[in-house]
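Student: I've got a structure open and want a quick walk through it. Can we go over what holds it together?

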Amino acid sequence: MRLCAFDLDGTLIDSIKDIAMAMNRALLSCGYAAYEIDKYYHMVGNGMRILCTRAVQNNPVKDGSGIEEVEKRYQHCYLQNCSKYTKIYPGIISCLLKLKADGFMLGVISNKPQEQVQKVISALFPKHLFSFVQGQQDGVRKKPFPDSLLNWMEMYAIEKEDVIFIGDSAVDIDFGKNAEVGTIGVLWGFRNREELEGAGAGSVVENPEELYGIIRKKYDGNF
């Protein structure tokens with residue numbers, strides 16, 4: 001059995017507007033200033049608590065309600081509108097369906113809280129496309145620690161050489177490397193080639209068609 005595991009935000013979905021709008025609502029309600037949407041591209045990727053911490057600590061207003069209150073309000077705002085503007089990137093569904101038809105197990109591992117991940121996946125993707133969906137959970141260290149991926153590999157008895165992790169940031173590449181599996185960085189997401197190559201991505205691709213081709217080439221003749 002072979003596994004292609006994917007990051008979510010910036011890899012499968014363009015979610016930055018919904019994230020930014022929910023965070024800005026939370027910040028304003030707590031007495032802080034809002035950010036321009038493009039500022040969020042480098043604030044996301046490490047989980048909700050770090051996103052909220054960055055939004056508060058880098059804020060020009062210093063006397064708001066604090067990180068915990070912002071986090072609570074952000075969670076509420078985001079769950080109410082997590083798929084209002086979020087879209088699956090063009091070509092992703094076709095790529096996933098072809099990989100599944102080729103016999104790959106598909107999974108998602110995100111640093112978003114589990115409730116958020118499940119709600120977004122349920123709203124946007126076909127049922128039963130993914131064998132597992134893993135968000136941030138108590139007791140499991142988030143990316144770049146490899147725990148979540150290693151747990152799924154053990155559960156399904158999948159060897160490291162049969163796993164590829166695909167993501168759009170250095171956190172994702174570090175995660176795959178820490179699990180000692182193959183890594184592919186994607187350029188349609190929130191970060192750039194310099195970051196992905198600097199992190200040591202095994203390959204960097206510009207579109208989902210190229211992603212599918214790279215994966216097929218890796219296992220060519222072994223299907």
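Student: Which residues touch the most other members of the largest nonpolar core?
Tutor: This is a predicted model, so keep that in mind. In the largest nonpolar core, Leu12, Tyr74 and Ile215 touch the most other members. That core has 53 residues.

Student: Which helix gives the most to this core?
Tutor: Helix H1, residues 16–29, with seven residues.

Student: And what is Ile215 in contact with, leaving aside its neighbours within four places in sequence?
Tutor: Cys4, Leu99, Phe104, Ile164, Ile166 and Ile184.

Student: What does the second, separate core include?
Tutor: It has 14 residues. Among them are Ala5, Leu149, Trp152 and Ile158.

Student: Switching to helices. Which residues of H3 are buried?
Tutor: Val70, Glu71, Tyr74, Gln75, Cys77, Tyr78 and Leu79. Tyr74 is also one of the residues that touch the most other members of the largest core.

Student: What covers those buried residues of H3?
Tutor: The cover includes H1, helix H2 (48–57), strand S4 (104–113) and helix H5 (114–124).

Student: How far does H3 reach from its first C-alpha to its last?
Tutor: 20 Å. H3 runs over residues 67–80, which is 14 residues. The reach is close to the 20 Å expected at 1.5 Å a residue.

Student: Back to S4. How many of its residues are buried?
Tutor: Ten of its ten residues.

Student: In which sense does S4 pair with S1 and with S5?
Tutor: Parallel with strand S1 (residues 2–6), over five bridges. There, Arg2 has Phe104 in S4 as its bridge partner. S4 also pairs in the parallel sense with strand S5 (residues 132–136), over four bridges. On that side, Pro113 has Gln136 in S5 as its bridge partner.

Student: What do S4, H5 and S5 make together?
Tutor: A right-handed β-α-β unit.

Student: What about S6, is it covered on one face or both?
Tutor: Both. Val163, Phe165 and Gly167 are buried on one side. Ile164 and Ile166 are buried on the other. Those two isoleucines are among the contacts of Ile215.

Student: Which helix makes a β-α-β unit with S6 and S7?
Tutor: Helix H7, residues 170–178. That unit is right-handed.

Student: Zooming out. How many helices and strands in the chain?
Tutor: Nine helices and eight strands.

Student: And what radius of gyration does the chain have?
Tutor: 17 Å. A compact globule with 223 residues would be near 17 Å, so the chain agrees with that. The C-alpha trace spans about 60 × 35 × 30 Å along its principal axes.

Student: How much of the chain counts as buried?
Tutor: 50% of the 223 residues.

Student: Last one. What share of the contacts with a separation of 6 or more comes from residues 24 or more positions apart?
Tutor: They account for 67% of those contacts in the chain.

Definitions and conventions: Residues numbered from 1 in each chain as written. Predicted model: local features only at pLDDT ≥ 70, side-chain atom pairs only at ≥ 80, totals over all residues. Heavy atoms only, no water. Core = buried A, V, L, I, M, F, W, Y, C linked by side-chain atoms within 4.5 Å. Buried < 20%, exposed > 50% of the residue type's maximum accessible area, 1.4 Å probe, protein only. Helix = DSSP H or I, 4+ residues; strand = E, 2+ residues; numbered from the N terminus. Contact = heavy atoms within 4.5 Å. Expected span 1.5 Å × (residues − 1). Pairing = 2+ DSSP bridges. Right-handed = clockwise from strand over helix to strand, strands pointing away. Rg over C-alpha atoms; globule rule 2.2 N^0.38 Å.
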